[in-house]
Amino acid sequence: YNDEDLTRTHNLKDKVSEITYEELSYLSFYHIPKLEEFISLISNKVPIIFNLNTHQNKEILNILNNYNNEFAIVSKDNRLLSSITKKYPHFIIGEIITKRSFNITSLLIKPDFKSYNIHYFDSAKLKKLKESNLPVIGYIINTKDKYLTYKNEFDNLIIDNYYNLELND
């Protein structure tokens, strides 16, 4: 579960870190699979991107280390990414670019790609990012208009809500 609280998904102010999986399941209108169940459902058939938010990821990293397909890890925490690359140098790592154009902790990692929130889109900043010769992936694409606007700007896009795109029109 990537959000810090349940506001976006459940319209509740509870912090995810302060409730158990059982409580989250009870509050939810739909089934939320655990990581092991999710991995089993996709049966190692598709590449995936994991956004890690905390240093308490030992179990997640062990599960990913046994995943039999491509995956990447992104995080806003470059210290976390640095520690992951030391223990798992074969992992594909993506740096999340935030509003600030430079963070001193960016020097801690050598990412395989950059991930850029389109809400902070700035063509000059994007051009500078592309000078690194790393793929730049735009994310939070949740409407058809955003998809059409950014599909030629980035090397790839992460679709936040496929069903809202209605690309078959």
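N133 lies in the loop between α6 (123-130) and β5 (136-141), where helices (H or I, at least four residues) and strands (E, at least two) are DSSP runs numbered from the N terminus. The model is predicted, so local features need pLDDT of at least 70 and side-chain atom pairs count only at pLDDT 80 or more, while totals for chains, interfaces and linings use all residues. Residues are numbered from 1 along each chain as its sequence is written, and side-chain values use heavy atoms, with hydrogens and water left out.

The phi angle of N133 is near 60°, a positive value in a residue other than glycine. N133 is exposed, with a relative accessible area of 70%; exposed means over 50% relative accessible area, buried under 20%, and partly exposed in between (1.4 Å probe, protein chains only). A positive phi, near 70°, is also found for I140, again a residue other than glycine. I140 belongs to strand β5 and counts as partly exposed at 24% relative accessibility.

The largest nonpolar core contains 19 residues, and those with the most contacts inside it are I39, I48, L61, F71, I73, I84 and F91. Such a core is a set of buried Ala, Val, Leu, Ile, Met, Phe, Trp, Tyr and Cys residues joined through side-chain atoms within 4.5 Å. At least two residues of this core come from each of α3 (35-42), β1 (48-51), α4 (58-65), β2 (71-75) and α5 (78-87). A second, separate core has ten residues, among them I97, L129, V136 and I141. In soluble globular proteins, nonpolar side chains tend to be buried together. Around I48, the contacts (heavy atoms within 4.5 Å) are with F38, I39, I42, Y67, E70, F71 and A72, leaving out residues up to four places away in sequence.

Seven aromatic pairs are found in a search of the whole structure. Rings of Phe, Tyr and Trp (its six-membered ring) pair if their centres lie within 6.5 Å; planes under 30 degrees apart count as stacked, over 60 as edge-to-face and the rest as tilted. The rings of F71 and F91 have centres 4.9 Å apart and planes at 80°, so this pair is edge-to-face. The pair links distant parts of the chain, with F71 in strand β2 and F91 in the loop between α5 and β3, 20 residues apart. F71 is buried at 10% relative accessibility, and F91 is buried with a relative accessible area of 3%. F91 also forms a stacked pair with Y88, at 4.5 Å centre to centre and 10° between the planes. Y88 is likewise buried, with a relative accessible area of 5%. Ring pairs join Y67, F71, Y88 and F91 into a cluster. Elsewhere, K34 lies over the face of Y21, at 4.9 Å from the ring centre; a charge sits over a ring if NZ of Lys or CZ of Arg is within 6 Å of the ring centre and within 35 degrees of the ring normal.

In α5, the buried residues are N78, L80, L81, S82 and I84. The elements covering these residues include α4, β2 and β3. The N-terminal end of α5 is capped by D77, with a side-chain oxygen 3.0 Å from the backbone nitrogen of R79.

In strand β3, E95 is buried, with a relative accessible area of 3%. The side chains of E95 and K114 are joined by a polar contact of 2.8 Å. A polar contact is a pair of N or O atoms within 3.5 Å; within protein, one must be able to donate a hydrogen and the other to accept it, and residues adjacent in sequence count only if both atoms are side-chain atoms. Leaving aside neighbours within four places in sequence, E95 is in contact with N78, L81, S106, I109, P111, F113, K114 and S115.

P111 is located in the loop between β3 (92-97) and β4 (113-117) and is buried, with a relative accessible area of 14%. Not counting residues up to four places away in sequence, P111 touches I93, G94, E95 and L134. P111 and P135 are separated by 24 residues in sequence and by 9.9 Å in space, C-alpha to C-alpha.

A further side-chain polar contact, of 3.4 Å, is made between H10 and S28. H10 is part of helix α1 (residues 7-10) and is buried, with a relative accessible area of 10%.
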